[in-house]
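Let's take a friendly walk through this protein, from its charged pairs to its cores. Keep the sequence and the 3D view open as you read.

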Amino acid sequence: MDSTPVPVVEPELDHLVRVHLAGLLRYATVLTGDGHTAADLVQEVLLRAHVRWNRIALMARPDLYLRRMVTNEHLSWRRRWHVRTIRPAADEVLAAHADSHGDHAHGVVEEDAMWRHLEALPPRQRTVLVLRYYEGLSDAEISEVLGTSPATVRSHASRALATLRDTDLTTRTEQR
């Protein structure tokens, strides 16, 4: 008899996945009730198994341990994600909640026109409007930024708003 020890052959994860992936996916699908969620769950388990494969490969039945990991991950996902389940809604429900603003391009055109008119304002007036309405600063804060008095800020704002009121915002500057 030969007394040389028989080397222990560790099964490779790739081989184990090829043999047992379909069964793991079926099992996870039964647990989750959804094939896509099951695929995500099995993928997560296989990523974790890859990191720990040196220890898992020493087990007598690594395939059963993977199944146990799927079970534990499913229970963990149910605790973490049960509130975030996405359920499809009927078209009528989506239509009732949809904004009735019409074409998105119309809003883009209006914003573009507004920015063009702001660009036509003198720099200080434009800066005051941007700081007031875009940044939400008070007149006192704007006066600190610009190094002027709050009365000057109000004056710039008043002149800028008067200019914008007198302007037809639906036409381009070049068309007037």
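R48 counts as partly exposed, at 31% relative accessibility. This is a predicted model, so please read every value here as computed from predicted coordinates. The side chain of R48 meets that of E44 in a salt bridge, with N and O 3.4 Å apart. E44 is partly exposed too, its relative accessible area being 28%. Why do E44 and R48 sit about one helical turn apart? Both belong to helix 2 (residues 35-51), and they are separated by about one turn because they are four residues apart in that helix.

R48 has another partner: E73 forms a salt bridge with R48, and here the closest N and O atoms are 2.6 Å apart. This pair links distant parts of the chain, since E73 is in helix 4 (residues 62-81) while R48 is in helix 2, 25 residues away. Is E73 buried or exposed? E73 counts as buried, because its relative accessibility is 5% and the cut-off for buried is under 20%.

## A pair in helix 6

Now move along to helix 6 (residues 104-120), which holds both R116 and D112. Their side chains meet in a salt bridge, with an N to O distance of 3.1 Å. R116 and D112 are four residues apart, about one turn of the helix. R116 is partly exposed at 29% relative accessible area, and D112 is partly exposed at 31%.

As a general point, side chains of opposite charge can pair when their charged atoms come close.

## The overall fold

How many helices and strands does the protein have? It has nine helices and zero strands, and along the sequence the pattern reads α-α-α-α-α-α-α-α-α. Of the 176 residues in the protein, 24% are buried.

Two further values describe the whole chain. If you take the contacts between residues at least 6 apart in sequence, 60% of them join residues at least 24 apart. The accessible surface comes to about 13,300 Å², and carbon and sulfur atoms account for 55% of that.

## The nonpolar cores

The largest nonpolar core has 16 residues. Which residues have the most contacts inside this core? They are A28, V42, W53, L66, M69 and V70. The elements giving two or more residues to this core are helix 1 (13-32), helix 2, helix 3 (53-56) and helix 4. Helix 2 gives the most, with six residues.

Leaving aside neighbours within four places in sequence, M69 is in contact with V45, R48, A49, R52 and I56.

Helix 7 (residues 123-134) has twelve residues, which at 1.5 Å a residue should span 16 Å; its end C-alpha atoms are 15 Å apart, which agrees. Its buried residues are Q125, V128, L129, L131 and R132. Why do these buried residues line one face of helix 7? Seen down the helix axis, they fall within an arc of 170°, so they line one face.

What does the buried side of helix 7 pack against? Its buried residues pack against helix 6, helix 8 (139-146) and helix 9 (150-165). On the face turned away from the buried side are the exposed residues P123 and Y134. After helix 7 comes G136, whose phi is positive, near 75°.

## A last stop on helix 4

To finish, look at R68, which is found in helix 4. Is R68 buried or exposed? R68 counts as exposed, because its relative accessibility is 53% and the cut-off for exposed is over 50%. R68 and V45 are 23 residues apart along the chain, and 9.8 Å separates their C-alpha atoms.

How values were computed:
Residues are numbered from 1 along each chain as its sequence is written. This is a predicted model: local features need pLDDT of at least 70, side-chain atom pairs count only at pLDDT 80 or more; totals for chains, interfaces and linings use all residues. Side-chain values use heavy atoms; hydrogens and water are left out. A salt bridge is a side-chain nitrogen of Lys or Arg within 4 Å of a carboxyl oxygen of Asp or Glu. Buried means under 20% relative accessible area, exposed over 50%, partly exposed in between (1.4 Å probe, protein chains only). Contact means heavy atoms within 4.5 Å. Accessible areas come from the Shrake-Rupley method with a 1.4 Å probe; for residues, only the protein chains shown count as cover. A nonpolar core is a set of buried Ala, Val, Leu, Ile, Met, Phe, Trp, Tyr and Cys residues joined through side-chain atoms within 4.5 Å. The expected span of a helix is 1.5 Å times one less than its number of residues. The arc is that of the directions from the helix axis to the C-beta atoms.
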